Amino acid sequence: MTLVYTSEGLVDRKELRTVHQQHETEEADGIVMSVEWYRGDKLVRRDGWLNLYRPQEIGVGNGS
Amino acid sequence: MAANAAGICTSFKVEMLQGFHALSSAFRAADTLKAALYLQSQSIGPATTVYSVTGEVSGSGYTAGGVTVANATAPTSSGTTAYWTPSASISYSGVTLGSAFDCWLLYNSSQSNRAILAATFAAQTITAGNFVITMPTNAAGSALINAT
C-alpha cells in the first residue's frame, strides 16, 4: 500500500485522484504546474512547481 | 490595487557596486541568500530594498524569512554577459499556504536582508504539499541574473 501525506494524514494512494494543471499569466516569470489531490470531492493536498523561464536583466547590453 | 512586480531590485544594483553582496567566495566569504514568498495583495518588486515579514505568506510548515538558497555555483561570464543562478531548486516542503501568493523575493540575509530580485507567477495556494521553484539553465541569457 502506498501512502500519501495529506491534510487528513497518511492516505492510501488508491483513495486519491489527482488533477494536473498549469498556470501562467502574461506578466509572470515562469509557469506553475500544480497537482491537486482529492479524496472524494475534498481537496486534501496541493503541490506546485514553478519553472522560471524569464531571466532578470541588469543593464541593456553594451552593443558588442 | 497593489500588485507584485518582477525585476532586479534597484537597491541591489547600487549595493552591488558598493560591494555589499558576495554571491560567491571569490573575494570574501559568500553571503547567505534566502527566498521568501509573498501574498498576491502585496507590492514587492524592483523598488523593494529589504526583506520584510509584512505581506509574507504564513502557514503550517513555513518559517518567516523563507528558506536558504543553495549557492554553490559562482557567478561567471560568457562573452560580455555575466550571470548567476542558484545551484539548486528552492523547496518549501510540507507546507500549507492557504492565502494566494504570487511572488518570491531573493534577498541577502548576511547583509541586513538586502533585497536582490523579485519574480512573479500565477497565484497559488498549497495544501499539505510542496512548492518548488525550479531554476533556469545557468548560462548567459537564461540564468536567473544576467548582467549585460
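This is a predicted model: local features need pLDDT of at least 70, side-chain atom pairs count only at pLDDT 80 or more; totals for chains, interfaces and linings use all residues.
Let's start with the fold of chain B. This chain holds one helix and eight strands, and along the sequence they follow the pattern β-α-β-β-β-β-β-β-β. The C-alpha trace of chain B spans about 45 × 30 × 25 Å along its principal axes. How does its radius of gyration sit with that of a compact globule? A compact globule of 148 residues would have a value near 15 Å, and chain B has 15 Å, so the two agree. Of the 148 residues in chain B, 42% count as buried. Contacts between residues 24 or more positions apart make up 73% of those in chain B with a separation of 6 or more.

Now to the place where the chains meet. Chain A brings 32 residues to the contact and chain B brings 32 residues. On the side of chain A that touches chain B, the elements giving two or more residues are β1 (3-6), β4 (30-39), β5 (42-52) and β6 (56-58). The largest share of that side comes from β5(A), with ten residues. By class, the side of chain A that touches chain B is made up as follows:

| Class | Residues on the chain A side |
|---|---|
| nonpolar | twelve residues |
| polar | 13 residues |

β6(A) pairs with β8 of chain B (residues 145-147) in the parallel sense, over three bridges.

Methods
Residues are numbered from 1 along each chain as its sequence is written. Chains are lettered from A and ligands numbered from 1 in the order in which they are written. Two residues are in contact if their C-beta atoms, placed from the backbone, lie within 7 Å. Helices (H or I, at least four residues) and strands (E, at least two) are DSSP runs, numbered from the N terminus. Ala, Val, Leu, Ile, Met, Phe, Trp, Tyr, Cys and Pro count as nonpolar, Asp, Glu, Lys and Arg as charged, and the others, Gly among them, as polar. Two strands pair if DSSP finds at least two bridges between them. The radius of gyration is taken over C-alpha atoms; the globule rule is 2.2 Å times the number of residues to the power 0.38. A residue is buried if 20 or more other C-beta atoms lie within 10 Å of its own, exposed if 12 or fewer, and partly exposed in between; C-beta atoms are placed from the backbone.
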